[in-house]
Amino acid sequence: LVARRDEEVVLHPGSVNCALRAPPSPWFVHFEKVKLQHISVRDASNVAALCVLLFGAPLDVHAKEQLAMCGPFKFVLVPRTAVLLKHFRETLQRALFARFREPREECA
């Protein structure tokens with residue numbers, strides 16, 4: 001595995017994910033890094049690329065290149081899908097922020 005700062009990491013031997021031969025997604029989030037013989041990540045969870053696109057860094061869509069950039073990560077997407085995803089993300093964020101501001105209000 002490679003961490004965000006291009007440092008090589010491995011899943012901690014005690015991690016449930018350590019036994020996975022082929023994880024469903026190449027993306028992991030983790031709570032803690034520890035230095036053993038290598039840098040290991042504990043409490044790691046596998047996440048789908050869609051989660052990275054929806055909740056990661058700001059999304060920058062380049063329709064002509066069929067590319068969506070989420071921070072340093074590049075995703076190849078059909079232009080229409082990339083634009084729809086960007087609009088969905090914006091709508092979802094507005095709904096979540098409204099809910100955070102007024103937690104007791106009913107959702108529309």
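View 1. At 30% relative accessibility, Gly-56 counts as partly exposed, a class that lies between buried, under 20% relative accessible area, and exposed, over 50% (1.4 Å probe, protein chains only). This is a predicted model, in which local features need pLDDT of at least 70 and side-chain atom pairs count only at pLDDT 80 or more, while totals for chains, interfaces and linings use all residues. Residues are numbered from 1 along each chain as its sequence is written, and side-chain values use heavy atoms, with hydrogens and water left out. Gly-56 lies in the loop between α1 (49-55) and β6, where helices (H or I, at least four residues) and strands (E, at least two) are DSSP runs numbered from the N terminus. With neighbours within four places in sequence left aside, Gly-56 is in contact with Cys-51, Cys-70 and Arg-89, contact meaning heavy atoms within 4.5 Å. Gly-56 and Cys-70 are 14 residues apart along the chain, and their C-alpha atoms are separated by 6.5 Å.

**View 2. The cysteines.** A disulfide is a pair of cysteine sulfur atoms within 2.5 Å, and by this rule the count comes to zero disulfides. Cys-51 is in no disulfide, as the nearest cysteine sulfur, that of Cys-70, is 11 Å away. Cys-51 is partly exposed, with 37% relative accessibility, and Cys-18 is partly exposed with a relative accessible area of 37%.

View 3. Three strands form an open sheet in the order β6-β7-β8, with antiparallel pairing; two strands pair if DSSP finds at least two bridges between them. The edge strands, each pairing on one side only, are β6 (59-62) and β8, and the twist averages 20° from one strand to the next, with axes taken as lines fitted to C-alpha atoms, for helices over the stretch in contact, and angles running from 0 to 180 degrees between N-to-C directions. Helix α2 (residues 79-101) packs on the sheet and touches β6 and β7, and its direction makes about 155° with that of β6. Strand β7 (residues 67-70) runs antiparallel to β8 and is joined to β8 by four bridges; Met-69 stands opposite Lys-74 in β8.

**View 4. Aromatic rings.** The structure holds three aromatic pairs, for which rings of Phe, Tyr and Trp (its six-membered ring) must have centres within 6.5 Å, with planes under 30 degrees apart counted as stacked, over 60 as edge-to-face and the rest as tilted. Trp-27 and Phe-73 form an edge-to-face pair, 4.8 Å centre to centre with 85° between the planes. This pair links distant parts of the chain, since Trp-27 is in strand β2 (residues 27-29) and Phe-73 in strand β8 (residues 73-76), 46 residues apart. Phe-73 is partly exposed, with a relative accessible area of 30%, and Trp-27, Phe-73 and Phe-75 form one aromatic cluster.

View 5. Ser-40 is found in strand β4 (residues 39-42) and counts as buried at 2% relative accessibility. With neighbours within four places in sequence left aside, Ser-40 is in contact with Val-10, His-12, Glu-32, Lys-33 and Val-34. Asp-43, in the loop between β4 and β5 (45-47), is exposed, with a relative accessible area of 52%; the phi of Asp-43 is near 50°, a positive value in a residue other than glycine.
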